[in-house]
Amino acid sequence: MPGVMSRYVIPGFLRLTRRNRNYVDADRARAHVRERGLRPLPYGPPRALRGVEIAVTHERGWPIYTLTPKSGSSRGGLVYAHGGGWVGEIASQHWHLAARLAAELELVVTVPIYPLLPNGTAAQVIPRFAEIVADSAERHGTTFLAGDSAGGQIALSTALHLRDTAQLKVPRTVLISPALDLTLENPQIDDVLPLDPWLGRAGGLVFGELWSGELPMKNPMVSPLFGDFTGLGPITVFSGTYDILNPDTRLLVDKARAAGVEVDYEERAGLVHVYPLTPSREGASARRTIISTLRAHL
């Protein structure tokens with residue numbers, strides 16, 4: 001059973017602050033995209049990130065941060081794709097997870113600040129992420145991919161793109177509550193909608209359609225659930241059952257395993273979207289699992 005924080009405090013906070021308001025209403029979602037285009041949010045890392053040295057370069061209009069262990073040693077790399085519905089900027093939770101992965105695993109963690117809606121699209125972002133992963137592998141050796149929510153879509157689509165265009169198999173991809181089918185047409189989503197205090201279908205469809213740009217919504221660069229998973233590297237997936245993305249996550253796990261992909265799947269009953277990033281007992285446990293799983297591959 002979820003602890004008090006996961007069962008009551010976090011869902012209550014999400015409902016009280018109406019965190020789902022841009023996801024449940026299509027007009028509000030469009031207004032949110034316009035607002036973010038006019039007034040972008042800051043993306044820089046917090047000053048208090050422990051155990052890492054931070055650097056940034058600007059390449060082809062993207063700020064690209066690297067978090068390097070203060071020890072100076074490196075055993076490999078990791079590229080992290082942050083979530084936020086393709087319109088929300090990177091948050092402190094993302095930065096702190098990236099720093100912890102860098103410090104505890106002795107990885108050079110790369111955090112690209114990719115273009116968001118209304119300026120970014122999947123066709124623009126996925127190939128560039130693939131280049132960044134390939135560059136990290138060349139520079140640092142074994143390089144993992146990780147992402148949450150919208151960033152989980154980017155991470156999995158990037159892994160598929162790398163396999164197809166560069167014959168590069170990512171040694172492990174970590175997906176935290178990933179967006180997998182941007183059409184949101186899975187009928188089982190209807191059962192979860194009343195339980196989810198964070199996401200919704202109407203606004204989520206607006207974000208997904210804008211992110212797809214000129215690509216079909218079921219193109220694997222947009223909705224990786226429709227990709228062929230044959231030959232993909234191992235995947236670690238986290239999902240809570242109070243998340244409308246959970247039904248598609250179950251489909252992903254079944255489809256990937258049927259294709260011969262090694263999948264570690266942690267599903268937690270009664271937990272919300274991206275629970276591994278939350279300040280809860282279950283979130284802390286999931287973060288430890290991510291670290292131990294990646295450490296086993298180094």
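Analyst: The protein exposes about 12,600 Å², and carbon and sulfur atoms supply 52% of that area (Shrake-Rupley method, 1.4 Å probe, with only the protein chains shown counting as cover for residues). This is a predicted model: local features need pLDDT of at least 70, side-chain atom pairs count only at pLDDT 80 or more, and totals for chains, interfaces and linings use all residues. Residues are numbered from 1 along each chain as its sequence is written, and side-chain values use heavy atoms, leaving out hydrogens and water.

Of the 298 residues, 54% count as buried, meaning under 20% relative accessible area with a 1.4 Å probe and protein chains only.

Now let's zoom in on Asp243, which sits in the loop between strand 7 (235–242) and helix 9 (246–258); helices (H or I, at least four residues) and strands (E, at least two) are DSSP runs numbered from the N terminus. Asp243 is buried but has no salt bridge (a side-chain nitrogen of Lys or Arg within 4 Å of a carboxyl oxygen of Asp or Glu). The nearest side chain of opposite charge, Arg250, is 11 Å away; here Lys and Arg count as positive, Asp and Glu as negative, and His and the chain ends are not counted.

What lies 2.9 Å from a polar atom of the Asp243 side chain? That is the backbone nitrogen of Leu245. Leaving aside residues up to four places away in sequence, Asp243 also touches Ser177, Val192, Asp196, Leu199, Leu271, Val272, His273 and Val274, where contact means heavy atoms within 4.5 Å.

Terms used: Buried < 20%, exposed > 50% of the residue type's maximum accessible area, 1.4 Å probe, protein only. Polar contact = N/O pair within 3.5 Å; in protein donor to acceptor, adjacent residues only side chain to side chain.
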